[in-house]
Amino acid sequence: MESDGGMVFPPPKDRRPDALGDLTVLSDELLCAIFESLPPSDIGRLACVSSVLYIFCNEEPLWMGICLRRAGGLFEYRGTWKATALCEYFGFLPGCVDPCRKPMCFDGFSSMFLYKRWYRCFTALDGFSMDIGKVERKTNLTLEEFSVEYDGKKPVLLTGLSQNWPAINKWTVEQLAEDYGDAAFRISQRNAKKIRMKFKDYASYMKAQHDEDPLYVFDDKFGEVAPGLLKDYSVPHLFQEDFFDVLEEDKRPPFRWLVVGPERSGASWHVDPALTSAWNTLLSGRKRWALYPPGRVPLGVTVHVNEEDGDVNIETPSSLQWWLEFYPLLAEHEKPLECTQLPGETIFVPSGWWHCVLNLENSVAVTQNFVNASNFEFVCLDMTPGYHHKGVSRAGSLAIHKDDFKSLELIEPYSVEHLNLSDMSRKGKRLKLSEVGESPYACKSIEHVLNGGSNSSIHSVFQPFSYTIDYLSSFLDEDKGHYNSYWCTSNCIGQREFREWLQRLWIEKPGLRDLVWKGACIALDADGWFQCLMGICSFHNLPLPSEDEKLPVGTGSNPVYLTANHVIKIYVEGGLEFSVNSLGTELEFYSLLCRVQSPLKAHVPDVLASGFLFCENGAYRILPWNGRQFPEALENFVRQSGYSRLSHSEFGLWSKKQFEFRRAGINGLVNDGSEGINLWPYIITKKCNGDMFANLRNVLTRDELLNLSSFLGEQVRNLHLIPLPSILNSCDANSPEKISKVQLDKNCDLGNESAVPSASYHMEATEITNLGKEMQKVFVETMNRRKRAISDRLAKWGDPIPSKLVDKAIEYLPKDFARLFDAKIEHDGCDKFLTWIHMDIMDDNVYMERCLFNQCLRDSSQDANKGEHGVLNVPNAVSGLRRWQPSYILDFGDLSVGDPLLDLIPIYLDVFRGDSLLFEQFLKSYRLPLITCTVQPKSDTDVQVDLEKFKRISYRAMCYCILHEDNVLGVIFDMWKELRKCESWEEVEAAVWGCLNNYQPV
């Protein structure tokens, strides 16, 4: 370098090697990633080590990542991310943080990575405003023109749809801050937890920030936070058909969002959830859009599809980074469709289209996703278990195995791509499209670039791709059905809600039945199950199902049909052996109900028939079965199918528990291996009059709800008092005095439904049989197995479970569940650990029927005669008034043995929706002891605090919630949103289950 005096100075010495030492071998990008994982206190210490580390540790993007990683709930930005971190996590007062303090400067250090990131933070976006008109613009488009030319075919920009909306004038950042400044909206940001910001704070952030990927308001609950916003716009006439509108708003998936963001913010490359279509209306600002047709994955994007459950995860740069660093690499013919959206314009994005959005200035928009006739089958396809079809629908030919090409029939191809699948692993299919090296401007694996380049040394296969339902359906996995496979956690709607949705469409929109049937055949294999139903009805001379009865009903785990006065359930869940044992257990339970004359029998539908349905030589055959020895004719059929696990003679509770014992991995993990065997157990029961509680919840009076609570308490009590079957099987059922291991209360007349069975209807602690010990071993080992995988499971379920609690789950749970039950029971010296448990008493398995007022009065009076536990809940009313009363508990297919607390979890959370008064009423009628432990220390390492928590009933209930196979914790944190701020599981336990610690059995 030459100075003014003509003297030449050498360039400054590179300070990186001395300042970083051994860390100098790491790239700047990797160093930043490492530093972001450190706690803020360590970042502060590192900044004092050397000049280069000072530079790294004072980068705003680093502090932004630290803040968002730790943030949760209501959030406030303090002018800079470093200042925000110091205030939020170190207790600094805002005035004590000096943002104007002059930073230290050093020469002799440069970083292309840091420079590019700094450039992205401060770049202006005026140059992105050019619109070359690749997306058509239309005005006054009719519904017919839209359906013929665009719906399901290509994007279009529409003008004039929002000209009469109040939002056109009211939805600016300034006006929203004035009208809704204290309303807290949800914030979306890559790698961020779920946080909310008051809009006035967010507006201040928009003015102050210089982030490369700014915080973005993306709130699907804005109608609840600010109901007035819903009055400012209406769904345009082109998009008013939405099949999800048959569901109540709390059951339908998220479908509308308020979208607010500053310059440089936006949505990175994605395909809309469930392959739905969308419209987006811009109210203020400007947005830049880029779109690719289905199956054409953008450069720089990586698609992951999990083979086990079909979960789709997309790795993509931010929208700004993609436009700056990947877009310039594209040849002209490889560029996406592009447009600049202006205020008042609405863009339509069809099903399956990739799109990326960049805000060119402060922008406010509203968007909605919808399902209509053009995309309904695609939505059903995306809800179908499996992974291959999900990969193909998003990644096109890149997701197709080479062996599949021979069997594919060309259907309207529209693109041919280079294909290389050399790095496709069997688990967690990774559809890599590009590998970006140190410089984002150089692609190291050009063979994976979707539309780019050619390389003669690279093996490429040219194959067609067609985004049609027939083509995509050819990639469905025949061995993965709706009822026997994992439900994808990334699906926008739950498995039960999805079946309810199809059923409602079938009943409420009869004009769409042809279309709904096609979708149900794709997602549920409805045609196959209907053929099974016809075979069962024909054999038993039952009335054939009507048109209304063609689809399976209910939200259980097996296909269930209602026909005339009958209910037909086909067992599918868990594979063949589990299904056979489930039916055997259910039949064994019904037999016990009759043998011990339990009062519960009056509230369980009668069993009319049971058997096996199997397909042999293309024809369906039926063999009746009573739940005992497996039919010899079927043994040969199963053996010829290569399956040999159904050789034992007895099928029931103990056989089912042995199967669970093996499946739990205690004697080695067992794979069922029954895929492809066309054999299904079934049961026919009497159809109940009335309706399920799930459909009546909102019309019942408080008295009727309390009466329901008492009913459930009584019947669950009756269930838990029934002896285990293997005990009765070993003695003469007609001679109760010979039953040495079952103690019946002398004052209990089981034949008298008004009598109260004794709580001592169970095994003595001193006479626990080997059978009981083995069942307890199954239960304990299953809990321990679930515990070992709990962190991964909770992390996969994600929101709304707080991540800080996920990290503390292992510490909260007992080290060994055997310790939790290594106890003496403080109730008459008896062991009440093992009982029958229903496992699935939810609002759709409780039936209610109408009764005349006089009948209700008579029944309630009889109940009142029971004393303090009876409930007389008859409001003032005139004679003849019809009311609802509980009548039946349904679906005993998940029957098992275990801690009775497991039945209380779904009742409290699903049936009562966390209503403590209803739960209290339930417990008054239940009256059985809930295992109270007195644990003796086994070693000096046991501490008193562990012993105390083992004694709490609430602790055991909370452990079961954490380890539950279903996402019970998601229900808890949705129901009690304030618990998301809890710092410990003990706080959650006390809030949800603390009432159990005061429970006093009678």
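The following exercises, each with a worked solution, concern a predicted model.

**Exercise 1. A surface patch**

Task: Find which residues form a nonpolar patch on the surface, and classify Tyr115 by its relative accessibility.

Solution: 
- Step 1. The patch consists of Met112, Tyr115, Trp118, Tyr119 and Phe122, which together have about 580 Å² of accessible area.
- Step 2. Tyr115 is located in helix 7, which covers residues 112–122.
- Step 3. An α-helix has 3.6 residues a turn, so residues three or four places apart point the same way.
- Step 4. The relative accessibility of Tyr115 is 45%.

**Exercise 2. A helix and its cover**

Task: Decide whether helix 18 is largely enclosed or open, and state what covers its buried residues.

Solution: 
- Step 1. The buried residues are Arg513, Leu515, Val516, Trp517, Gly519, Ala520, Ile522, Ala523 and Leu524.
- Step 2. After helix 18 comes Asp525, which has a positive phi, near 55°.

**Exercise 3. Salt bridges**

Task: State how many salt bridges the structure holds, then examine the pairs Lys154 with Glu136, Lys251 with Glu500, and Glu704 with Arg883.

Solution: 
- Step 1. Side chains of opposite charge can pair when their charged atoms come close. The structure holds 38 salt bridges.
- Step 2. In the salt bridge between Lys154 and Glu136, the closest N and O atoms are 2.7 Å apart. This pair links distant parts of the chain, 18 residues apart. Lys154 is partly exposed at 32% relative accessible area, and Glu136 is partly exposed at 30%.
- Step 3. In the salt bridge between Lys251 and Glu500, the closest N and O atoms are 3.2 Å apart. Glu500 lies in helix 17, and the two residues are 249 residues apart. Lys251 is partly exposed at 25%, whereas Glu500 is buried at 15%.
- Step 4. Lys251 and Glu500 also belong to a network of salt bridges that links them with Glu248 and Arg504.
- Step 5. In the salt bridge between Glu704 and Arg883, the closest N and O atoms are 3.4 Å apart. Glu704 is in helix 24 and Arg883 in strand 29, so the pair ties together parts 179 residues apart in sequence. Both Glu704 and Arg883 are buried.

Definitions and conventions: Residues are numbered from 1 along each chain as its sequence is written. This is a predicted model: local features need pLDDT of at least 70, side-chain atom pairs count only at pLDDT 80 or more; totals for chains, interfaces and linings use all residues. Side-chain values use heavy atoms; hydrogens and water are left out. Patches are made of residues with over 30% relative accessible area and no salt bridge: like charges are joined within 9 Å, nonpolar side chains (Val, Leu, Ile, Met, Phe, Trp, Tyr) within 5 Å. Accessible areas come from the Shrake-Rupley method with a 1.4 Å probe; for residues, only the protein chains shown count as cover. A salt bridge is a side-chain nitrogen of Lys or Arg within 4 Å of a carboxyl oxygen of Asp or Glu. Helices (H or I, at least four residues) and strands (E, at least two) are DSSP runs, numbered from the N terminus. Buried means under 20% relative accessible area, exposed over 50%, partly exposed in between (1.4 Å probe, protein chains only). Contact means heavy atoms within 4.5 Å.
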